[in-house]
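Colleague: I have some questions about this model. Can we go through them one by one?
Modeller: Go ahead.

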Amino acid sequence: MLNCEPPDAGYVMQPEDFRWIPGALDGLAALRRAGIRLSVATNQSGVGRGLMGQGQLDAVHARMLAEAAAGGGTLDALLVCPHSPEAGCACRKPAPGLIETAMAQSGILASETLVVGDDGRDIEAAARAGVAAALVRTGKGRQTETRMRRPIPVFDDLAALAQAVVAGKLEAR
Ligand SMILES: [Zn+2]
């Protein structure tokens, strides 16, 4: 949701391959300026599948965190599921583990939390954690939007979502 899919639809293996999706960094910064705390919860099964090392992933994330901070969108927490789908862990979305951990660490109530994602797994994880969700049309978002069975707030990108949150009208489509 924050970065562009790498060209071969695989994993971001190197820090220099991390590319922000348009609107993502601006959106984080706008939310941060509004005093909203930001956590990222991400499935990274490339590690569990043995396609990349934990050190490689850490390097990619270090770049992401540094660029977010440099752009005014400092992240409070980064929660990662490194497991393969077969591992049956409690953290890989659509399981709610990462979202529950983010809330526990930040001390923010489910009722004051919003999960933003582009994938049906994000939206399902939010529902399982008892948290409201919104969809962005970047990344897989347009595809996901066509598959949503229940109404959900949808925004073109994170910057548009941030505008709505700041204006106090998240229900706007
Ligand atoms: Zn996991």
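Colleague: Let's start with P15. Where is P15 found?
Modeller: P15 sits in the segment before α1. Keep in mind that this is a predicted model.

Colleague: How exposed does P15 count as?
Modeller: P15 is partly exposed, because 16 C-beta neighbours lie inside 10 Å. The cut-offs are 20 or more for buried and 12 or fewer for exposed, and partly exposed is what lies in between.

Colleague: And what does P15 touch, if we skip residues up to four places away in sequence?
Modeller: P15 touches A59, V60 and R63. R63 is 48 residues from P15 in sequence, yet their C-alpha atoms are 5.9 Å apart in space.

Colleague: G10 next. Which segment is that in, and is G10 buried or exposed?
Modeller: G10 also lies in the segment before α1, which is 24-33. G10 is exposed, because 12 other C-beta atoms lie within 10 Å. Its C-alpha atom is 21 Å from that of G88, a residue 78 places away along the chain.

Colleague: Let's zoom out. How many helices and strands does the protein chain have?
Modeller: Seven helices and five strands. From the N terminus on, the order is α-β-α-α-β-α-β-α-β-α-β-α. The radius of gyration is 15 Å, close to the 16 Å from the globule rule for 173 residues, so the chain is as compact as a globular protein of that length.

Colleague: What box do the C-alpha atoms fill?
Modeller: Roughly 45 × 35 × 35 Å, taken along the principal axes. Of the 173 residues, 32% count as buried.

Colleague: What share of the contacts with a separation of 6 or more comes from residues 24 or more positions apart?
Modeller: Such residues account for 56% of those contacts.

Colleague: On to the core. Which residues of the largest nonpolar core touch the most other members?
Modeller: I99, L158 and L161, out of 36 residues in that core. The elements that give two or more residues to this core are α1, β1, α3 (54-70), α4, β3, α5, β4 and α7. The largest share, six residues, comes from α1. As a general point, nonpolar side chains in soluble globular proteins tend to be buried together.

Colleague: You named L161. What is L161 in contact with, leaving aside neighbours within four places in sequence?
Modeller: L161 is in contact with G27, V116, A134, V136 and F155.

Colleague: Which residues of α7 are buried?
Modeller: In helix α7, residues 158-166, the buried ones are L158, A159, L161, A162 and V165. Seen down the helix axis, they fall within an arc of 160°, so they line one face of α7.

Colleague: What covers that face?
Modeller: The cover over the buried residues of α7 includes α1, β3, β4 (132-136) and β5 (154-155). After α7 comes G168, with a positive phi near 75°.

Colleague: And α4, which of its residues are buried?
Modeller: L98, I99, E100 and A102 are buried in α4, which spans residues 97-106. Their cover includes β1 (39-43), β2 (77-81), β3 (114-117) and α5 (120-129). Just after α4, G107 takes a positive phi of about 75°.

Colleague: Now the sheet. In what order do its three strands come?
Modeller: The order is β3-β4-β5, in an open sheet with parallel pairing. β3 and β5 are the edge strands, since each pairs on one side only.

Colleague: How many bridges join β4 to β5?
Modeller: Two bridges join them. The bridge partner of L135 is V154, in β5. Also, α5 lies across β3 and β4, at about 170° to β4.

Colleague: Last one, R37. Where does R37 lie?
Modeller: R37 lies in the loop between α1 and β1. R37 is partly exposed, because 16 other C-beta atoms are within 10 Å. Leaving aside neighbours within four places in sequence, R37 is in contact with D76, S106 and I108. The C-alpha atom of L65, 28 residues away along the chain, is separated from that of R37 by 14 Å.

Technical notes. Residues are numbered from 1 along each chain as its sequence is written. This is a predicted model: local features need pLDDT of at least 70, side-chain atom pairs count only at pLDDT 80 or more; totals for chains, interfaces and linings use all residues. Helices (H or I, at least four residues) and strands (E, at least two) are DSSP runs, numbered from the N terminus. Two residues are in contact if their C-beta atoms, placed from the backbone, lie within 7 Å. The arc is that of the directions from the helix axis to the C-beta atoms. The radius of gyration is taken over C-alpha atoms; the globule rule is 2.2 Å times the number of residues to the power 0.38. A nonpolar core is a set of buried Ala, Val, Leu, Ile, Met, Phe, Trp, Tyr and Cys residues joined through C-beta atoms within 7 Å. Two strands pair if DSSP finds at least two bridges between them. Axes are lines fitted to C-alpha atoms, for helices over the stretch in contact, and angles run from 0 to 180 degrees between N-to-C directions.
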